[in-house]
Each structure stands twice: as C-alpha cells, then as structure tokens.
Amino acid sequence: MTPVEPSRPENFWSSLEPPAREALLRGGRVRTFPAGTHLLLQGERPDQVLIIKSGWAKVAVGDLEGREVVIAVRGPGELVGETGLLNDSPRTATLTALHPVSALSVTRPRFAAFLNDHPQAWPLIYRTASRRLAQSDGRIVALGSLDGAARLARLMLALAEESGTPDEGGVRLPPLSQEELGSCVDASRETVARALRDWRQRGLIRTRWRRIVLLDPEGLRKLLGES
C-alpha cells in the first residue's frame, strides 16, 4: 500500500505576492458561513468575489427539472465568483458550504481597483480559469468513456491530488456525501455506495459519514487499468 501525498498545486491566494494579499485584505472583509448556507447563488447579479480561507464548498447547478448537479468543490485559497463579476453576467452556479466556511469577501468596485493596481494578478485568474476548464473537459470525456465506478475512482484520485489533506496514513478528501459524489460523476447513490464498499474491503479507502480517506491510490489506479 502506497499512501499518496497531496501535490498541493498553487492556488490563487498562495500565488499572490505579499503586497497583493495585503491589498485584498485591506479592501475586503472576512465572512463566515455555517454549513449548508449559500455563499453565492445561481442567477444572481454578481457583486463580490470570495477567497476561501478555510472550509469547503460545493459548486452546483440546477437543471430545468429542479435537480442539483454538483460540478466541483472549492477549498482554501481558491478564488470564486470572479467569472460573473468580470463578465458582468448572472452567476451560473450556486456555491454552498459543505461545513463552516470562512472567506474573504471583496466587493466588485474594490476587486476592480485591486486588478488595476496589481495587474500581475491577471495571469493567476487566467491560470485558474484554464485549470477549471481542463477539469470540466476531463469530466465530460470520462462521462462518455467510463462506467460510474470508474468515473468515481477518477474523481477521488483528482480530489486527493488537488485538495486532499493528510490523515492517518492516507489523504482525506473534501466532505462530499455519497449523493453529492454521485452527482459529480453522474452515477446513482447505489453505484457510489457499492463502489465505496468494494474499495473499503480491498483496503483502498477508509470511510465514515462524509469522510473518505484514500489509503492506496496506486491500487485504485490499477483497478482503472492505469499505472
């Protein structure tokens, strides 16, 4: 069994120079959101951006039948809500706290002033958008080429590498429920539960309610036929 160490790709906040961080801190205010509350709402006019300081939130869109589809999770250091603000268009998704979240809120005028004063932040925004687009493209490809369990395995490996935190011999994933995991990979809750039970019996993962620790990423990759 080979535990994985999170790769910790740089996020928006960690990529900023100290003077830019200080400018954002001066121009914004820290807000706290209890679990289950909406940080941003689909369809609303954008009036702020958020930089998550602690906690996790899910990004979800509502379809025409009223169902919620989870498309991503966002965690510490990530910039959210910038697309609608920069495009001056309604928000395309809802951001909901998975557990208590603390975030730096910067209003639209102050964020615009920040970008004018710190143009070096623009490449970081482009990099963030490019990474998220690549993740979205990968999800679309997986939906058409893999079964539900395989899509779930891919998602868990990606979450471990991008957002995992060390936890007793493995890496803990963001706290998504089985239903939310199924929504992420277009699989039923039963498919998710069956796959998690199988991987738990194989010693690949450890689970509790809203808590999955990936113990053996190589073993999970082998199940996918990957090295």
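Mentor: A pocket is an open set of points on a 1 Å grid over the protein atoms alone, where a 1.4 Å probe fits, with protein on both sides within 12 Å along at least five of seven lines; lining residues have an atom within 4 Å of a point. This is a predicted model, where local features need pLDDT of at least 70, side-chain atom pairs count only at pLDDT 80 or more, and totals for chains, interfaces and linings use all residues. Residues are numbered from 1 along each chain as its sequence is written, and side-chain values use heavy atoms, without hydrogens and water.

Trainee: What lines the second largest pocket?

Mentor: Its lining has 15 residues, and Q178, L196, R208, W209 and R210 lie nearest the centre. Helix 7, helix 8 (189-201), strand 11 and strand 12 each give two or more residues, with helix 8 giving the most, five. Helices (H or I, at least four residues) and strands (E, at least two) are DSSP runs numbered from the N terminus.

Trainee: Why is S183 called buried?

Mentor: S183 has 16% relative accessibility, and buried means under 20% (exposed is over 50%, partly exposed in between; 1.4 Å probe, protein chains only). The value is under the cut-off, so S183 counts as buried. S183 sits in helix 7 (residues 178-185), and its side chain reaches the backbone nitrogen of V70 at 2.7 Å.

Trainee: How do you know that strand 9 and strand 10 pair?

Mentor: Pairing takes at least two DSSP bridges. Three bridges join strand 9 to strand 10 (residues 170-172), so the two strands pair.

Trainee: What makes strand 9 an edge strand?

Mentor: The open sheet has the order 9-10-12-11, with antiparallel pairing. Strand 9 (165-167) and strand 11 (205-208) each pair on one side only.

How values were computed. Polar contact = N/O pair within 3.5 Å; in protein donor to acceptor, adjacent residues only side chain to side chain.
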